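This briefing summarises the architecture of one protein model.

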Amino acid sequence: RKMSMPDPLNPSAHTTTFQAVIFDMDGVLIDSEPLWRRAEREVFGTVGIDLTKEMCIGTIKLRLDEVVAHWYKEFAWTGKTPRQVEEEVLSAMQRMVSEEGKPLKGVREILERLQGAKLRLAIASSSPFGLIDTVVDKLAIRDFFQVLCSADADALGKPDPAVYLRTAEQLAVDPAACLVFEDSLLGVRSAKSAGMTVVAVPAPDQYGDPQFGEADFIIRSLSEFSFKIMEE
C-alpha cells in the first residue's frame with residue numbers, strides 16, 4: 001500500500017514555527033538587475049555620466065535615492081536635479097519591467113505552495129513602491145501577498161532592519177516567526193538584524209561567496225527550497 005508523503009514545502013508537515021514568509025523583490029522574484037543597469041545608464045547618460053557595468057553593480061542594492069545621491073556626490077552634474085534623475089530612472093524601470101519583466105525560476109510554484117500552507121506572505125524591497133506595484137502586476141502575483149513594503153518609507157535602507165521590522169508589524173507577526181528570501185548580502189544583514197530566519201538565493205556568480213554564510217540557509221533558486229532541508 002502506498003503511503004502519502006509529506007509536502008516538503010508545507011510547514012505543517014514539518015517542525016517549523018513560521019507564520020509568515022517575506023520576499024525581497026529584485027533578484028528574488030524578478031530578474032530585474034540587468035534592467036536596472038540599462039535604466040541607470042540611459043538616464044545618467046543624459047547628464048553626461050557614463051556608468052559602467054561595474055559602477056552599476058557597485059550600487060545595485062541601494063535604494064534609488066541613495067544611488068542618485070551617491071553619483072551626484074561623485075559627479076555633481078548640472079541641467080537636472082537629483083530628484084528629476086531619480087524620477088526618470090524609475091520611469092524607465094517601470095517601462096522596461098512592463099515590456100520585458102519575467103519571474104525568476106520557481107516563483108509561482110513557491111508562492112502557490114506557501115499560500116496553500118496558510119502562511120502570510122509579503123514583499124520587503126528597496127525599490128520604490130511604484131516599481132513594486134509594476135512588478136507584482138506584470139508577474140500577476142499581487143493576490144499572493146498580504147503586505148507590500150518599500151524601504152523608501154524608512155529613514156535608512158538595507159542593511160538597516162527597518163523595512164523588515166515594519167513588514168512584520170504590518171503582517172501582525174513576530175519577526176522571529178518570519179522566514180525571509182534574499183539575494184544580496186545587504187538584504188541578508190537587514191533581515192538577520194530584524195531577528196528573522198534568512199534563506200539566501202544568490203545570483204549564480206555569487207553562489208560560492210563565503211559572506212553568504214551569514215544567512216541561515218543558501219539555495220541556488222526558489223525551486224530548490226523546501227522546509228525539509230531546514231530540518232536536515
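**Structural briefing**

The secondary structure of the protein comes to nine helices and six strands. The model is a predicted one. Buried residues account for 50% of the 232 residues.

**Sheet**
- Six strands form an open sheet in the order β3-β2-β1-β4-β5-β6, and their pairing is parallel.
- Strands β3 (147–150) and β6 (217–218) stand at the edges with a single partner strand each, so one side of each lacks a neighbour in the sheet.
- Strands β1 (residues 20–23) and β2 (residues 120–125) run parallel and are joined by four bridges; Ala 20 stands opposite Arg 120 in β2.

**Helices across the sheet**
- Helix α5 (residues 107–116) lies across β1, β2 and β4 (178–182), at about 160° to β1.
- Helix α6 (residues 129–138) lies across β2 and β3, at about 140° to β3.

- Within helix α8 (residues 185–193), the buried residues are Leu 185, Gly 187, Val 188, Ser 190 and Ala 191.
- The cover over these buried residues includes α7 (162–171), β4 and β5 (197–200).

**Overall dimensions and contacts**
- Along the principal axes, the C-alpha atoms fill a box of roughly 75 × 35 × 35 Å.
- Of the contacts between residues at least 6 apart in sequence, 67% join residues at least 24 apart.
- The accessible surface comes to about 11200 Å², and 51% of this surface belongs to carbon and sulfur atoms.

How values were computed. Residues are numbered from 1 along each chain as its sequence is written. This is a predicted model: local features need pLDDT of at least 70, side-chain atom pairs count only at pLDDT 80 or more; totals for chains, interfaces and linings use all residues. Side-chain values use heavy atoms; hydrogens and water are left out. Two strands pair if DSSP finds at least two bridges between them. Helices (H or I, at least four residues) and strands (E, at least two) are DSSP runs, numbered from the N terminus. Contact means heavy atoms within 4.5 Å. Axes are lines fitted to C-alpha atoms, for helices over the stretch in contact, and angles run from 0 to 180 degrees between N-to-C directions. Buried means under 20% relative accessible area, exposed over 50%, partly exposed in between (1.4 Å probe, protein chains only). Accessible areas come from the Shrake-Rupley method with a 1.4 Å probe; for residues, only the protein chains shown count as cover.
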